[in-house]
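Have the structure open while reading.

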Amino acid sequence: AAEEGFDIEDVEGAIEAAGHGPLPVLAVVGRPNVGKSTLVNRIIGRREAVVEDKPGVTRDRVTYEAEWAGRRFKVVDTGGWEQDVLGIDASVAAQAEYAIEAADAVVFVVDAKVGATDTDEAVVRLLRKAGKPVVLCANKVDGPSGEADAAYLWNLGLGEPHPVSALHGRGTGDMLDAVLEALPEAPEQTFGGAVGGPRRIALIGRPNVGKSSLLNKVAGEERVVVNELAGTTRDPVDELIELGGVTWKFVDTAGIRKRVHLQQGADYYASLRTAAAVEKAEVAVILIDASENISVQDQRIITMAVEAGRAMVIAYNKWDNLDEERRYYLEREIETELGQVAWAPRVNVSARTGRHMEKLVPAIETALAGWETRVPTGRLNAFLGELVSAHPHPVRGGKQPRILFGTQAGTKPPRFVLFASGFIEAGYRRFIERRLREEFGFDGTPIHISVRVRE
Ligand code: GDP
Ligand code: GDP
């Protein structure tokens, strides 16, 4: 590498950074108005429109990437969920439950000016049961005079309260140091060191696409092996289902079976649940109602799974309900709306009639295989060498940027680092991704390509 103009340490650093694998997840929970969204904004270091004045606004996005002291993690923001339907205690508890379930560590935000309320105490009980590491954030301590308020929160029994002003940034650095200590380096529970454990599937899709019907169909025809009781909730959350002779873990099925009817905030609730399921899963089976137009919501769910870096299968459901005209338009829509995930294996199913249910497992296996593919460095560079000489990057400003060499830094999903002599344009990056897919068959998986340019 050195003779190509890259320092060996740069190369190693780039590979390590690209190969990080799944990021640990931090959930921010607490009562309404304690400052969760303000804190999330602080943590992600952006003035994104997370804090909304209007109650009941729908936000699809609930996870954000953050970095502190060189470590990256994800933040799940629970601030956008409206509470008035279930009653405040029940909804704060439920919201916290979902977030805690998906998290590796939790920041519990309490309004230090108000002090601990009964609702706060209820959340504390949940946190205890869940057994995840907790960092207690005593928020709205805008100045030294508020420190005493924060100290009262020792009473919660969650250890040291960290006095913070999410609004002004006071104390957030110390709190984030504590967060980093609480977060695992790599989220063990997400990608379970349990070698040979059942593969984890998230069955996701917008309401009424047929998730519950599909689950009942697969669980009904095959044997439901076990209903696991989750540690924290009264409902079975994950279900082990035997399909094609293999046991699979369908994560978060309680949310599918249990029809929670919320008016306000229902979409947000669904997004949070979807995000939680995706975080826990290795492969997302995205269900789309083929009898209806592909919607923005379908696309957002797909984006969520892609951004989370999960393997993916797209199942077009209600196939029994399609006439010829609809089939024609569906194909056009798939081309125009879902072109960016053309790599995802596709199955056309009917949860009602059982059509093509047997194709689901092979599609999932294909996607997982793609997700885990590792290309040896020698093969990759032979391929890149040929590619670059047959299709050089366009000349720009009298120079021709060239890919010098590359390596696969990680899997699940596959991550590549390419080292180049100059800036590589987006079009050329896409071209490389396409050719990588053709050559190595990354069906069913997003792939990440980062490019390092020689200084
Ligand atoms: P959430 O409902 O828990 O997400 O709370 P928000 O982040 O929406 O904040 C609720 C209100 O508290 C907003 O008016 C914020 O500006 C305010 N707030 C949040 N953090 C602080 C803080 O550290 N100090 C003060 N004084 N106000 C804060
Ligand atoms: P979920 O909200 O995604 O869990 O969707 P459900 O499983 O509750 O299904 C929503 C509606 O679609 C119900 O009325 C189902 O009977 C219907 N449905 C589900 N799958 C199919 C299918 O394959 N064909 C037809 N025609 N209807 C279906």
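## Around ligand 2

A residue is near a molecule if its C-beta atom, placed from the backbone, lies within 6 Å of that molecule. The model is a predicted one. Ligand 2 is surrounded by 16 residues, and the closest are Gly210, Lys211, Ser212, Ser213 and Arg352.

Which helix gives the most to the shell around ligand 2? Helix α7 (residues 211-221) does, with three residues. Sorted by class, the shell has eight polar, four charged and four nonpolar residues.

Strands of a sheet pair through backbone hydrogen bonds, in either a parallel or an antiparallel way. In this model, six strands form an open sheet in the order β2-β3-β1-β4-β5-β6, and the pairing is mixed. Strands β2 (63-68) and β6 stand at the edges; each has a single partner strand, so one side of each is left without a neighbour in the sheet. On average, neighbouring strands of this sheet are turned by 30° against each other, direction ignored.

Helix α2 (residues 36-44) packs on the sheet and touches β1 (25-29), β2, β3 (71-77), β4 and β5. The direction of α2 makes about 160° with that of β3. Helix α4 lies across β1, β4 and β5, and runs at about 165° to β4.

Is strand β5 (residues 134-139) enclosed or open? Six of its six residues are buried, so β5 is largely enclosed by the rest of the structure. Val134, Leu136 and Ala138 point one way from the strand, while Val135, Cys137 and Asn139 point the other way.

Strand β4 (residues 105-111) runs parallel to β5 and is joined to it by six bridges. Within this pairing, Val107 stands opposite Val135, and Val110 has Ala138 as its bridge partner. Together, β4, helix α4 (residues 118-130) and β5 make a right-handed β-α-β unit.

Strand β6 (residues 161-163) also runs parallel to β5, with three bridges between them. Leu136 has Pro161 in β6 as its bridge partner. From β5 the chain crosses through helix α5 (residues 147-152) to β6, and this β-α-β crossover is right-handed.

## An exposed loop residue

Glu185 is in the loop between α6 (172-182) and β7 (199-204). Why does Glu185 count as exposed? Glu185 has 9 C-beta neighbours inside 10 Å, and a residue is exposed if that number is 12 or fewer.

Arg72 is 113 residues from Glu185 along the chain, and their C-alpha atoms are separated by 9.5 Å.

Conventions. Residues are numbered from 1 along each chain as its sequence is written. Chains are lettered from A and ligands numbered from 1 in the order in which they are written. This is a predicted model: local features need pLDDT of at least 70, side-chain atom pairs count only at pLDDT 80 or more; totals for chains, interfaces and linings use all residues. Helices (H or I, at least four residues) and strands (E, at least two) are DSSP runs, numbered from the N terminus. A residue is buried if 20 or more other C-beta atoms lie within 10 Å of its own, exposed if 12 or fewer, and partly exposed in between; C-beta atoms are placed from the backbone. Two strands pair if DSSP finds at least two bridges between them. A crossover is right-handed if, with the strands pointing away from the viewer, the path from the first strand over the helix to the second runs clockwise. Ala, Val, Leu, Ile, Met, Phe, Trp, Tyr, Cys and Pro count as nonpolar, Asp, Glu, Lys and Arg as charged, and the others, Gly among them, as polar. Axes are lines fitted to C-alpha atoms, for helices over the stretch in contact, and angles run from 0 to 180 degrees between N-to-C directions. Two residues are in contact if their C-beta atoms, placed from the backbone, lie within 7 Å.
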